[in-house]
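Let's take a walk through this one together. Have the structure open and follow along.

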Amino acid sequence: MNDNGKILDSYILFEVAGNRYGLRSHEVQHMEMVDQITPVPHAAPFLDGVAFSRGQVVPVINMRARFGLPRADHSLRSRLIVVKAGERIAALLVDGAREFLQIPKEAIQPPHDAMAGLSRKWLSGIATVKDQLILLLSLDAILNIDLAPELVEQGIGR
Amino acid sequence: MPSELPFEITAELLNDFYTECDEHLRSIRETLASLEAANVSSESRTPLLEQLFRSFHSLKGISGIVGLRASENLAHRTEDYLKELTRNPARLDEQGLNLLMSATQRLEHVVAAHRTSQPIPEVETLSESLRALVGSGPAENPAKHPIKPSLSGSLAGKVRDARAQGFQIWKFVFVPSPALDGRNINVTSVRQQFQQHGEILEAKPLIEGAGSISFQFIVAFRHTPSSESDWPLEGVTGEPLPDTTELTPATPVRVEPEHSSTASTTPELHTPFVAPSHVVRVDMARLDELMRIAGEMVVERARLEEQVDRVLQAHPGIDGQGLLEVQKAFSGHLRDLREAIMRVRMVPVSEVFGRMPFAVRDLAQETGKSVKVQIFGQDTEIDKYVVERIKDPMLHLVRNAVSHGMESPAERAAQNKPAEALITLSAKTVGDQVLIEIADNGRGIDPEVVKQKALEAGLRIPGNFDQAALLEVLCTPGFSTRDEADRGAGRGMGMSVVIQTIRELGGSLMLHTKKGEGTRFTLRLPLTLAVADAMIIKAGNQRFAIPQAAIEEIVPLDPHRLQGIENARLFLHRGRALPIYSLDRFLGTTSPARSQTPVLVMETERGRIGLQVQQVTGQKEVVVRALRDPLLQVPGISGATELGDGRPVLILEIEGMLRVYKHQENTRQAFPKAPLTNL
């Protein structure tokens, strides 16, 4: 996509525990209100359970728990972001799903070692838009069951 | 009823009769649908007409055997009409097709009424209409009477000729009724009266809405009928035919070939020899039994594999090669068997599609719209269970399309659309799914209107109101953009039930609509279904499903009868002490305390055990949805299902659960924190 010669990619933005994150929009199937989630015993701790999404049974990943944060009650703004990676479909439970944004490639820097406390493994990049930071996530990492939850330093992006 | 039958009507004979009727009627419906869609050439029509003739001929025969006179007579009349048509396929017009469909429906009602011991609906009116069609045509009586004009050719031609010869042309409509019938005033008597005083140029039935029939006669009189004896007055209204020879509006002009006065020498209808059917009729219950046994064999095969492994490991010196080979071969055969049984359950989707043209026709006539149905992929096969469940939802979608989705012919004309709207039904197999599409070229759904209605109803609308969001709003229980009393699309099935049923089958529904252009619903359904009988139970106030086959018995337990200590509780059952496990402990839940709790006695690899649950809520046949995602591979959970409310219900599996219990004992953890993916 071009706008004045720049290369733009589209992202879906959402919020988890006060931080703003983004996912490539082609990875997102749709977004839903949080409805019925059935807990699954003895599953990964960041899994809230399973839900039906358009006729399919999908795992619900609690993004707070994924990042090692304590869970919070659902609010009216909580959303399920249904994502697709290859054959896998999953739902990410987030505090709020905000908007659809086109971000120019030049506004994105790769995550680098100097950023203390950041869990680089979750991120595919960091975007700066209007003096605000947006953490761009790697969906494969989020869905990787072998990756244990780890703290993402709070305060980034505020 | 019949006392003149040579033999006794047994219940078995009647069952066979009903089954055969069902088959013939199904074949008739399919053939009629093809006939409607076929073009009007004789080559296309003749084989279909012959097929119909054979079917009605058979129906007549078997009805006679069991003494069901109503269906025998109606089938006979239809058979006669079809015989005419096979000689002259071009004679079949819109009215004739309508009549065939009405006759089919009436036959279905008659058989159904007989089956349920209800009063048999009358068939005389339809029979008469059919007889009228067989008889109408060029003058039955040779043109000898001076009051009868000599005519030939099409109706318009006849009217012209008659007028040229000084006759007056009148149009009459006779509406039959049970009251008139009681006084022997019916279409036959009316016709006879006309024939006495004039020449009938045309006699045909008019199918009004709601299945009532009236008859139209175009009659030529030498003199203006004036006195009451000239024409039958009762139930008849008449008027002179205008000079513009305007026939009944919205009737396609009948194309009648020129008949010469000499009798045409058409060959006698030759009923070809029908080969004995290679089809076997099977009771669904027997198929379900086969499926169940195959399912259990799969479970046993897995156990066998484990046992073989165990034995071989315990005795390393043994050459287990032969054993392993046999096991592998056995697994292969078992897989083939399961697939073959699944295929037996497949039926063509025409079973569902077959009913649609009828429903559309009725509804279109009721609502004054002009609709045509096209069907593609009738032979696509789908699981019988799915077919049974999907019939009503599809009927609802099709009815919706006609009653809400179609504009009236006037509206369509104003938009430069063809007056006849089109509904397309298609089915095809894609991978392991069946895709069914219901599309129309009507007015489409206006997202703005729906959005507005939704906001007014207090529903939450996502910012991006796309087609998927539109569908979800439409499927919200209780949501409706029309009065709920809408007869066309109502009858207790709303969109929410439609999507629920589809989801319960493991399928999905998609909507694509454009305002002014039309709407398309796409149903995706799994090709084969894993269906299991499950016991629905509760623990910690949550519902779970356990395969029925795994449960031997359910006994109520008085907690005081438990012996032993916390981690090794036993209870006495049929003289034996069985270990008892609490489902709460597996789940990490707490159930409300009760004086008695149910215990499921289950046979496992480790012997018989008891599983204590909060409550048993009932039995249900459920569709098993596999949990494929790696995140969902947890011990004790073998799948998920849905019980109709959109909430996933987990299906429990006892062997995995026992491994968890053991792990809990070993690690002394009440509820282990780590995911137990290595169990």
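**A charge over a ring, and onward**

Start in chain A, where the charged end of Arg66(A) sits over the ring of Phe46(A), 3.9 Å from its centre. Chain A has another arrangement of this kind to look at: Arg24(A) lies over the face of Tyr11(A), and here the distance to the ring centre is 5.6 Å.

Before going further, keep in mind that this is a predicted model. For the complex, the predictor gives an ipTM of 0.86 and a pTM of 0.47. Chain B comes out with a mean pLDDT of 77, and 80% of its residues reach 70 or more. Residues 1-6 of chain B have a pLDDT below 50, and in the model this stretch makes eight contacts beyond near neighbours in sequence. Residues 245-275 of chain B also have a pLDDT below 50; that stretch has 32 contacts beyond near neighbours in sequence.

Now zoom in on helix H6 of chain B, which covers residues 155-164.

Next, the aromatics. A pair of aromatic rings is described by the distance of the centres and the angle of the planes. Over all chains, the count comes to 11 aromatic pairs. Take Phe172(B) and Phe221(B): their ring centres are 6.0 Å apart and their planes meet at 85°, so this pair is edge-to-face. Phe172(B) belongs to strand E1 (residues 168-174) of chain B and Phe221(B) to strand E3 (residues 213-221) of chain B, so the pair ties together parts that are 49 residues apart in sequence. Are these two phenylalanines buried or exposed? Both Phe172(B) and Phe221(B) are buried.

On the chain A side 26 residues are in contact with 32 residues of chain B. Between the two chains, an area of about 2600 Å² is buried, and carbon and sulfur atoms give 67% of it. How many salt bridges cross the interface of chain A and chain B? The rule finds one. Look for Asp629(B) and Arg88(A), which form a salt bridge with their closest N and O atoms 2.8 Å apart.

How values were computed
Residues are numbered from 1 along each chain as its sequence is written. Chains are lettered from A and ligands numbered from 1 in the order in which they are written. This is a predicted model: local features need pLDDT of at least 70, side-chain atom pairs count only at pLDDT 80 or more; totals for chains, interfaces and linings use all residues. Side-chain values use heavy atoms; hydrogens and water are left out. pLDDT is the predictor's confidence in each residue, from 0 to 100. Contact means heavy atoms within 4.5 Å. Buried means under 20% relative accessible area, exposed over 50%, partly exposed in between (1.4 Å probe, protein chains only). Helices (H or I, at least four residues) and strands (E, at least two) are DSSP runs, numbered from the N terminus. Rings of Phe, Tyr and Trp (its six-membered ring) pair if their centres lie within 6.5 Å; planes under 30 degrees apart count as stacked, over 60 as edge-to-face and the rest as tilted. A charge sits over a ring if NZ of Lys or CZ of Arg is within 6 Å of the ring centre and within 35 degrees of the ring normal. Buried area is the accessible area (1.4 Å probe) that two parts lose on being put together, summed over both. A salt bridge is a side-chain nitrogen of Lys or Arg within 4 Å of a carboxyl oxygen of Asp or Glu.
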